[in-house]
Amino acid sequence: MQINKYNSIRIHLIFWVLYYFLEVYLDFLWSRYQFPKLEWYLRLRSSVILELGYLMIKIPLAYLLLYVANKVTRSVIFKYTLYILIFSGAILIHRFYCHDILYPYIHHIPETVDGIIPMNLLNMYGILSALMDLMFMTGLFFGIEIAREKMILNEQLSGLKAEKLDHELRMLKAQINPHFLFNSLNNIYGLALKKSDKTPEVILQLSKIMRYNIYEAAQAKIPIGKDVENMKDFIQIQKIRYHHLDVQFNENIDNPSQEISPLILIQFVENAFKHGASESIGNSFIKINLWLKEEILHFEIENSKEDRVREDSTQIGLKNISRQLELLYPKHQLMVENNSDLYKVKLTIDFTHEQ
């Protein structure tokens, strides 16, 4: 439930109604000892009337203190001086109401201590009694107000977290190549028309890739085993599109739990398909070798290419990957070999020297 201005008013109204009935009940119980010979309905009527009068003192006091707490931004000494002055004024009004109105006109008796010792307006016992009464109300009021403000703060924080998560998800979804997604769906559609047995497997692979890009890739580091698995799913889907493409993938990983930044290696694979295999006329190939030993990663990928392949698009992609590697793994080694018919990349990352 959203906590807005109107809910704030409702919470305060509920508080004052409940507080009033609590005070009426407590005063009614106390009146049995103060006025033992008075009929219960007369004592209840007196409690209802006198607590209504007290409420007219306590409500302004509570909101004056709340205003000072929220609006006064001067020195702490000035703020606490205002607190003392407001409280002192409320105590004097409380005493005036009790001594000069409540006892003479409602109880029809003079105010006394234990029914024996007469009390004046500034009697210390009366002042302490008024102070305790007002402090009890103030403690309850500010306790409810602090709880309400904490609820508002928690709601705002939850809203910010939800907005942040939504923004991150949108950014991560944007990382999925739309051409790859559309081509994959078209391939799946073609398989479905042929009633191919491969259709469920391809759908599962595409689902895993999307889940990986949206959720797994949101993490700063992931196990390299997961990254390699995502790479294999990507390759399997691409094989459906490029029937005559020869793809070789060799891996040797001594520690699948070794953490790596996601979506780094697969960008080289995407480039191999996009700027190599997809633009080759004849038979084409992609060879991938990946091995991890004692926290040192070696990754090699080479693909056939035609002379007509545009170098600008390849270089732009390489610059983006190189920049990411510089930020994530300053000690990495990246070598690129670009010939007329072959494009080859060698990458070495020493995880023992990563930041």
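The legends below describe close-up views of a predicted model.

**View 1**
The protein chain has 355 residues, and 39% of them are buried. Its secondary structure comprises 9 helices and 9 strands. Among the contacts with a separation of 6 or more, 71% are between residues 24 or more positions apart.

**View 2. The open sheet of 5 strands.**
The strands follow the order β4-β6-β7-β9-β8, and their pairing is mixed. At the edges are β4 (246-253) and β8 (333-338), each of which pairs on one side only. From one strand to the next, the twist averages 5°.

**View 3. Strands β6 and β7 as an antiparallel pair.**
Strand β6 covers residues 285-293 and strand β7 covers residues 296-304. The two are joined over 8 bridges. Across this pair, Lys287 stands opposite Glu302 in β7. In a regular strand, side chains alternate between the two faces of the sheet.

**View 4. The hairpin of β8 and β9.**
Between the two strands of this hairpin there are 3 residues. β8 and β9 run antiparallel and are joined by 6 bridges. Asn338 stands opposite Tyr343 in β9.

**View 5. Helices α7 and α8 against the sheet.**
Helix α7 lies across β4, β6 and β7, and runs at about 170° to β4. Helix α8 (residues 265-275) also packs on the sheet, where it touches β4, β6, β7, β8 and β9 (342-350). The direction of α8 makes about 10° with that of β7.

**View 6. The packing of α7 with α8.**
The axes of α7 and α8 are 10 Å apart, and the helices pack at an angle of about 15°. Angles under 35 degrees count as roughly parallel, and α7 and α8 are therefore roughly parallel to each other. The crossing of α7 past α8 is right-handed. On the α7 side, the contact is made by Asp227, Asn230, Met231, Phe234, Ile235 and Gln238. On the α8 side, Leu265, Ile266, Val269, Glu270 and Phe273 take part.

**View 7. The packing of α6 with α7.**
Helix α6 (residues 199-214) packs with α7 at an angle of about 135°, and their axes are 9 Å apart. That angle makes α6 oblique to α7. The crossing of these two helices is left-handed. From α6, the residues involved are Val202, Gln205, Leu206, Lys208, Ile209, Tyr212 and Asn213. They meet residues of α7 including Lys226, Asn230, Phe234, Ile237 and Ile240.

**View 8. The largest nonpolar core.**
This core has 44 residues. Those with the most contacts inside it are Leu265, Phe268, Val269, Phe273, Leu297, Phe299 and Ile301. Helix α7 (residues 224-241) supplies the largest share of the core, 7 residues. A second, separate core has 20 residues, among them Leu61, Val72, Ala130 and Met137.

**View 9. The surroundings of Val269.**
Neighbours within four places in sequence are left aside here. Val269 is in contact with Met231, Phe234 and Ile235, and also with Ile288, Phe299 and Ile301. Met231, Phe234 and Ile235 belong to the α7 side of the contact with α8, and Val269 to the α8 side. Val269, Phe299 and Ile301 are among the residues with the most contacts inside the largest nonpolar core.

Terms used
Residues numbered from 1 in each chain as written. Predicted model: local features only at pLDDT ≥ 70, side-chain atom pairs only at ≥ 80, totals over all residues. Heavy atoms only, no water. Core = buried A, V, L, I, M, F, W, Y, C linked by side-chain atoms within 4.5 Å. Buried < 20%, exposed > 50% of the residue type's maximum accessible area, 1.4 Å probe, protein only. Helix = DSSP H or I, 4+ residues; strand = E, 2+ residues; numbered from the N terminus. Contact = heavy atoms within 4.5 Å. Pairing = 2+ DSSP bridges. Axes fitted to C-alpha atoms, helices over the stretch in contact; angles between N-to-C directions. Parallel < 35°, antiparallel > 145°, perpendicular 65-115°, else oblique. Left-handed = near helix turned anticlockwise from the far one by under 90°.
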